[in-house]
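Please open the model in your viewer and keep the sequence panel beside it.

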Amino acid sequence: MHTLGILVGPKGRGSNMAAIACACAEGRIPARVGVIVSPVDGTPAVEAAREMGITVQVVPTGNDSGPRLVSALQGCDLVCLAGYLRLLPNEVLRAFQNRILNIHPALLPRFGGKGMYGMRVHEAVLAAGVSESGCTVHLVNERYDGGRILLQRRVPVLPGDTPETLAARVLKEEHRAYPEAIAQVLHELEAGTQRA
Ligand code: GRF
């Protein structure tokens, strides 16, 4: 049985975290969630994790967060970012090379990069006038949204969409895409066929 560590963000809504935990409980991901790591206590994600009986570790952002994150994630086979907005410290990237995933609420490589998070992403998609958006699960490296793309799911952009309506449509697909990508990566790790 594999163990996942999930890193949530300072606002930590936690819907992807819950979708991953649910997929583990239902056997769609052959793993258990070992720990949720959050930069702050008391967010909805942290509360939800505790209600699900998942261990929570609070690691504030700061100069010494690298070793503290590595220590909080000890024993994890895969690390999943779910709403975590920062670049990861080098210590974490080194300790979990090619074993850190993120989900982005648009079709990378467009609409990604520094500062592209939350509603800004959906505003940019609408401003670009594209007919499709979606979500992207990718490996995490030292660049914002820069690692290899693992899986994408598409949704239409509909006439009259607001950033909020588009975000809601994309989020539904995120909840399907993330567990699927995690299961795929675990399978590749087991088979020893994972590419960088
Ligand atoms: C999601 O939209 C995800 O794509 C992005 O951050 C958001 C996290 O939402 N990286 P939630 O906390 O999982 O609900």
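**The whole chain**

The protein chain has 196 residues, and its radius of gyration (taken over C-alpha atoms) is 16 Å, which agrees with the value near 16 Å that a compact globule of that length would have, the globule rule being 2.2 Å times the number of residues to the power 0.38. This is a predicted model, in which local features need pLDDT of at least 70 and side-chain atom pairs count only at pLDDT 80 or more, while totals for chains, interfaces and linings use all residues. Residues are numbered from 1 along each chain as its sequence is written, and side-chain values use heavy atoms, with hydrogens and water left out.

Colour by secondary structure next: the protein chain has 6 helices and 7 strands, where helices (H or I, at least four residues) and strands (E, at least two) are DSSP runs numbered from the N terminus.

**The sheet**

Select the strands, which form an open sheet of 7 in the order β3-β2-β1-β4-β5-β6-β7, with mixed pairing; two strands pair if DSSP finds at least two bridges between them. At the edges are β3 (56–58) and β7 (149–156), each of which pairs on one side only. Now pick β1 (residues 2–8) and β2 (residues 31–38), which run parallel and are joined by 6 bridges. Within this pair, Gly 5 stands opposite Val 35 in β2.

**The ligand**

Which residues surround the ligand? They are Arg 13, Gly 14, Ser 15, Asn 16, Gly 83, Ile 103, His 104, Pro 105 and Glu 174, each with a heavy atom within 4 Å of the ligand. Zoom in on the side chain of Arg 13, where an N or O atom is 2.6 Å from an oxygen atom of the ligand, and then on Ser 15, whose side chain has an N or O atom 2.5 Å from a ligand oxygen atom.

**Two loops**

Most residues other than glycine have a negative phi, and most peptide bonds are trans. In the loop between β5 and α5 (119–128) you will find Pro 109, which a cis peptide bond joins to Leu 108, with omega about 15°. Finally, select Asn 98 in the loop between α4 (90–95) and β5; the phi of Asn 98 is positive, near 65°.

Terms used: Polar contact = N/O pair within 3.5 Å; in protein donor to acceptor, adjacent residues only side chain to side chain.
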